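The sequence and structure are shown first, and the description follows.

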Amino acid sequence: MKLKQLEGLLGDLQQFSNPKVDLEQYPTGPHIASRMLFTAENSYGDITDKVVADFGCGCGTLSAAAALLDAACVIGFDIDPQSLETATLNAEELEVEIDFVQCDITKLELKGRVVDTVVMNPPFGTRKKGADMEFLSAAMKVASRAVYSLHKTSTREHIKRAALRDFNAKTAEVICELRYDLPKLYKFHKRKEVDIAVDLWRFEPKQK
Amino acid sequence: MRLIVHNMLTCNIKGVVNKFPLRIEAEKVVIKKEVDFNTDFLRHMLAKIEWKALVDGARSMGYTELPDHAPEAEESYSFLKKFHHALLELHLEEGSLVCQETGRKFPVEKGVPNMLLHEDEV
């Protein structure tokens, strides 16, 4: 599948109808989502024929991208039942197979090393402090091959240090810097649109 | 929920020792046979899957064709077809996942297991 085609398909997905600010629910736009997964597969072979987990899947944009790039199995995890309903509809629309699990990622314990790759656009920690690190910690416990994650560029040094020192990362690499354009979603947003500098990270866990 | 997912889920209630596997109580099972048959992937998965949990899970969902033990040597085509079917084509739409130690039921609705804990379980 070509990048443009992937981006087009992801652009048709339904997004949050009633986003919950405390969960930092922001849609992952098709531009970022397509590039993230395309790179994961084309540069690293981490998606096709692999078991891919999407942590904090929301409406399932990253999960859908993984499925469209022929992951062998895609599992989306989220705490919010409404998002999971939308995600299920999106999967049906695209005619792709995605399993969904409702849970609190920070309390999740998965057995074994079945999951190859974790992809995620986690909360940045603006509502619940440290949420970004909790997601990263959880992802590093589960992935056998790699974790792809988006974090604010302003947290770059902090993330690198934590990943290598505390979360069992063998490598922690910023693959590229992206602009995440957030539309005015919530009442407290003053500007019509804002651009946040985010890093796309690839982490490789140490082998057990 | 498919058995590949069931094979990783555990009971995360505080203090529970016997967390895995969760017993399946199936109320509605759907079979979807359009999943691509990929022998390399299946062989790769065979090394990672908890076999007994898969066999018991499949039985709970009405599929009894899996052998009690996975083959030790070269896997036959017919074995891989059964493995593929159990792992990827059986969907639990409605039912529960039951913790073997506490009896706590995690509901599965519209194919989605709800693993959220109550306040006193954390």
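## Interface between the chains

Chain B and chain A together bury about 2,300 Å², and 61% of this lies on carbon and sulfur atoms; buried area is the accessible area (1.4 Å probe) that two parts lose on being put together, summed over both. Of the area that chain B buries against chain A, 26% comes from B:M8, B:K48 and B:L116, more than from any other three residues. The contact involves 26 residues of chain B and 24 residues of chain A, where contact means heavy atoms within 4.5 Å.

Five salt bridges are found across the interface of chain B and chain A, a salt bridge being a side-chain nitrogen of Lys or Arg within 4 Å of a carboxyl oxygen of Asp or Glu. A salt bridge joins the side chains of B:K32 and A:E97, with an N to O distance of 3.8 Å.

## Basis of the model

The model is predicted: local features need pLDDT of at least 70, side-chain atom pairs count only at pLDDT 80 or more, and totals for chains, interfaces and linings use all residues. Residues are numbered from 1 along each chain as its sequence is written, chains are lettered from A and ligands numbered from 1 in the order in which they are written, and side-chain values use heavy atoms, with hydrogens and water left out.

## Aromatic pairs

Over all chains there are eight aromatic pairs. Rings of Phe, Tyr and Trp (its six-membered ring) pair if their centres lie within 6.5 Å; planes under 30 degrees apart count as stacked, over 60 as edge-to-face and the rest as tilted. The pair of A:F124 and A:Y180 is edge-to-face because the ring centres are 6.3 Å apart and the planes stand at 90°. This pair links distant parts of chain A, 56 residues apart: A:F124 is in the loop between β4 (117–120) and α5 (131–142), and A:Y180 is in strand β6 (residues 169–183). Helices (H or I, at least four residues) and strands (E, at least two) are DSSP runs, numbered from the N terminus. A:F124 is buried at 12% relative accessibility, and A:Y180 is buried at 4%; buried means under 20% relative accessible area, exposed over 50%, and partly exposed in between (1.4 Å probe, protein chains only).

In chain B, B:F37 and B:Y77 form an edge-to-face pair, 5.6 Å centre to centre with 80° between the planes. B:F37 lies in the loop between β1 (23–31) and α2 (39–46) of chain B and B:Y77 in helix α4 (residues 77–88), so the pair ties together parts 40 residues apart in sequence. B:F37 is partly exposed at 27% relative accessibility, whereas B:Y77 is exposed at 55%. B:W51, B:F79 and B:F83 form one aromatic cluster.

## Charges over rings

B:K81 lies over the face of B:F37, 4.5 Å from the ring centre. A charge sits over a ring if NZ of Lys or CZ of Arg is within 6 Å of the ring centre and within 35 degrees of the ring normal.

## Backbone features

The peptide bond from B:F20 to B:P21 is cis, with omega near 0°; B:P21 lies in the loop between α1 (3–6) and β1 of chain B.

In chain A, A:E24 has a positive phi, near 55°, in a residue other than glycine. A:E24 belongs to the loop between α1 (3–11) and α2 (30–42) of chain A and is buried at 10% relative accessibility.
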